[in-house]
Amino acid sequence: MTQPTTSRFDVPVLLEKVATNHVDKKKLRQQWLTVPNLLTAIRLIAIPIMCRYILNGDSNMVAFILFLAIWVTDMLDGFIARRFNQITDVGKVLDPLVDKVFQFATAVTLWLSGRLPLWVPIMLFLNQAFLVLGGALLWKKGTVVKSAWYGKTATVLLTACFAVLFLLNAEQYWLADYLFVVPVLLTFFSTFMYTRDYYSEHNPVSTEQDRLTNHESKNRQKEVDRGKDMQEQECTKSL
């Protein structure tokens with residue numbers, strides 16, 4: 001939905017202004033009351049309804065329609081945000097958070113209904129718990145990590161595999177053991193890439209200092225070696 005960079009905004013100051021009524025409430029409402037953010041809120045409300053129909057074995061088609069509606073709404077809110085310049089810091093956090101709730105809730109209910117192996121929701125929980133906790137810490141620091149292509153690719157591939165499960169019959173559920181290997185690995189890869197990109201962007205000085213330190217160490221070592229060579233040559237001449 002957005003570029004793979006990080007942005008900085010002063011969340012603590014904003015919260016302090018809200019508490020003391022020193023913030024422009026109209027601007028604050030504009031951060032929340034946008035069409036993309038409202039669509040994201042609707043997605044969040046629809047998730048438990050979808051889960052109820054997944055667990056009800058006789059309502060597979062209704063569950064599948066709700067699943068597709070949530071997925072399409074996810075793509076739609078991103079398009080609207082970019083097309084009509086309604087990208088907000090709230091949306092940058094809320095949208096991927098709801099994506100993770102959607103994925104994990106779908107995985108758990110599909111496992112409970114006997115369609116998905118247990119290792120899939122466990123792996124997703126471990127990965128997404130790390131992302132959510134990391135995102136919360138960065139939010140407190142006033143940093144928002146935007147979605148990147150590898151994160152969106154992992155999301156699309158994982159969601160597509162969930163969709164396939166709705167179309168399989170009971171005799172074909174064993175395919176899920178192999179179907180989700182690549183999507184789950186890709187989610188961990190995207191987490192690694194987000195961590196690496198954040199570290200490299202916020203520690204460029206340290207990286208440059210390390211490079212200079214290594215360069216200076218090599219130069220000093222060359223000088224020491226040159227001095228030893230000169231001493232050996234002088235000893236040889238004196239002999």
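**Salt bridges between helices**

The chain has a mean pLDDT (the predictor's confidence in each residue, from 0 to 100) of 78, and 67% of its residues reach 70 or more. This is a predicted model, where local features need pLDDT of at least 70, side-chain atom pairs count only at pLDDT 80 or more, and totals for chains, interfaces and linings use all residues. Residues are numbered from 1 along each chain as its sequence is written, and side-chain values use heavy atoms, leaving out hydrogens and water.

Biologist: Which element has the highest mean pLDDT?

Modeller: Elements here are DSSP runs, numbered from the N terminus: helices (H or I, at least four residues) and strands (E, at least two). Strand 1 (residues 6-8) has the lowest mean, 42. The highest, 94, belongs to helix 3 (residues 35-55).

Biologist: How many residues apart in sequence are the parts that Asp-77 and Arg-43 tie together?

Modeller: Their side chains meet in a salt bridge (2.7 Å, N to O), meaning a side-chain nitrogen of Lys or Arg within 4 Å of a carboxyl oxygen of Asp or Glu. Asp-77 lies in helix 4 (residues 60-83) and Arg-43 in helix 3, so the parts they tie together are separated in sequence by 34 residues.

Biologist: Is Asp-99 buried or exposed?

Modeller: Asp-99 forms a salt bridge with Arg-43 (2.6 Å, N to O). Buried means under 20% relative accessible area, exposed over 50%, and partly exposed in between (1.4 Å probe, protein chains only). At 6% relative accessibility, Asp-99 is therefore buried.
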